[in-house]
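Please open the model in your viewer and keep the selection panel at hand.

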Amino acid sequence: MKKFTSLFFGLFLALQINVFAERGNIVSFIPGPILTPDLIMSELQSQMDETAFALTNLFTYKKYPVQAVKIFYETIDGKGKTTVASGVVFLPAVPEVAGMPVFSYLHGTLTSDAETPSGLEGLESVIGWIMAMDGYISVLPDYLGLGEEPPGMDPGLYSGIHPYQHAETEASASVDMLKAAMLFCNTNQLVNAKPNGDLYLAGYSQGAHAALATQNELQANPLPELTLRKTVAGSGAYSLSYIQKKYLFEHPAYPSPSFLPYLLLGYQQVYGNLYGNLSQVFVSPYNSDIPGWFDGSLTVDEINLKLPAYWKTMFVPKYLWNIQYDYFHPVNYALRKNDVINWKPKSDLHLYYCTCDELVANENSLLAYLSFILKGSSKVSVLPVGPFKHAECAPFVLLLAKIQFDCASGANPCGIDLLSLLKSASDEDLPEFTNAVLNIDQFPYQEEIMQNKELLAYFNEVVELENLQIYPNPAKDVVFIELPAALPGTSRVSLYDLQGRLVLDKICNDKTIQLDVKPLHAGIYNIVLNGETTSVEKLIVFK
């Protein structure tokens, strides 16, 4: 929203507050503009297509002017060290003190600092203006490594690439931003909008991945002043190691190749073991050029134009082969660690996706739903929104989030009351969206999803086989592996060291497998047995 920058009051002096007392503490803040509902809707109309704006206009109530405040706050990085992140709070400008629900929006993939929510110019800040205009205290973090540095801050405390799709820091940055926002609202006497204790959480694309990570964190470590009521997540890569990885390797012409080096650079910063140098990962000139493209100055689209349409051609073939096939490669370990589907949601979670998404496989949402259901959650739903591509899908998912939150919070009339008008206007063009609204709290696809063999295969990826015997263990010369008699078919045995390197690979048809371990160095190895199911066991080799 570029016009918004001209409306700043001129109060740009950051106010320093008790630096580094604890996570969520405010380091500094910068008051921004106040916009009227008419200005907000005018800017919104200039940036949205006609259909999306018409639906948004229909479900917004345009109640309050909105004050934006940029906040720098203390949090932790991927290694648990103190750092500083930024975000923005949008406050309803109400004349008297009033309790209001808190809404937190977690943004999608960004590489440009200027496009972060606190920059107030990009599309990602739009949802904050809208929700605050309708009576929510809206809290939008920038995430780690995105946004500008706070005035006067030591650059060493605010440096490095954003750890893209890293669940722990997505959650810590988001939760700590909530803490900072609550501190700001509750201690600032000039702020009349006060949190009423209810929290509503939404995210799209990377923000959906972050939303699930954040809900899991809030469930494990609740904030005493906030209770999470509902989460809406749209089109997230929740299963990085399985669904999304499989989708990428099946689509050699991927429309957004920048996502791949972005993820590797971020994970390398956190874990430090994905590669020794970039020449092991990317061919020339990408091995030398790629790091500079993620310095915060370029957008995702600008970086995509610099990368090959056939994304595999920028990789060293051997490195790419290891990612595809080596279960214990550090990249695959990192991907598994950042899957966000292996927990049980205890508060309402609604998963939405669009059926023509070209960036994130629909099965991410379906597998997340199935995983949560199998873990015993009764708080999850999943629904398609419409036949839209990834970017086109976002406004509809966020509109569904607003309808959900208005109905639950009582902040506005329940948007479902307008369905007769919506249905008559969109039955032909937006049948799935209409169906998503009509079935907003139902699970119509559970039986179909429970029978999906591709999704169910995920749960058999690593299975402990009963009666699998490995002897002797520890071993010095020869190891025997006895398979269960009931195990059918051919089996493949692979041996990996703890660095994820394949050291032995063998195809077997017999029920007793013999391995010669004399050439191996002393140490601990992982035996991976692939057949109808997969089993992983430890083997100790000594000399």
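**The largest cavity**

In this predicted model, the largest cavity has a volume of about 350 Å³. To find its middle, select Leu 248, Phe 259, Leu 260, Leu 263 and Leu 335, which are the closest to the centre of the cavity among the 25 residues that line it. A search of the whole structure finds two cavities of 30 Å³ or more.

Next, colour the helices α6 (240–250), α7 (259–271), α10 (317–325) and α11 (330–337), each of which supplies at least two residues of the lining of the largest cavity. The largest share, five residues, comes from α6.

Now switch to a cartoon view and select the open sheet of nine strands, which has mixed pairing and runs in the order β1-β2-β3-β5-β4-β6-β7-β8-β9. At its edges stand β1 (26–35) and β9 (380–384), each with a single partner strand, so one side of each is left without a neighbour in the sheet. From one strand to the next, the twist averages 20°.

Within this part of the tour, select residues 66–76 (β2) together with residues 82–92 (β3), which pair in the antiparallel sense over eleven bridges.

**Helix α2**

Finally, select residues 50–58, helix α2, and show the side chains of Ala 52, Phe 53, Leu 55 and Thr 56, which are its buried residues. Looking down the axis of α2, you will see that these buried residues fall within an arc of 165°, and therefore line one face of the helix.

Technical notes:
Residues numbered from 1 in each chain as written. Predicted model: local features only at pLDDT ≥ 70, side-chain atom pairs only at ≥ 80, totals over all residues. Heavy atoms only, no water. 1 Å grid on protein atoms, 1.4 Å probe; cavity = no way out; pocket = protein on both sides within 12 Å on 5 of 7 lines; lining within 4 Å. Points joined across faces, edges and corners; volume = space filled by probe spheres on them. Helix = DSSP H or I, 4+ residues; strand = E, 2+ residues; numbered from the N terminus. Buried < 20%, exposed > 50% of the residue type's maximum accessible area, 1.4 Å probe, protein only. Arc of directions from axis to C-beta. Pairing = 2+ DSSP bridges. Axes fitted to C-alpha atoms, helices over the stretch in contact; angles between N-to-C directions.
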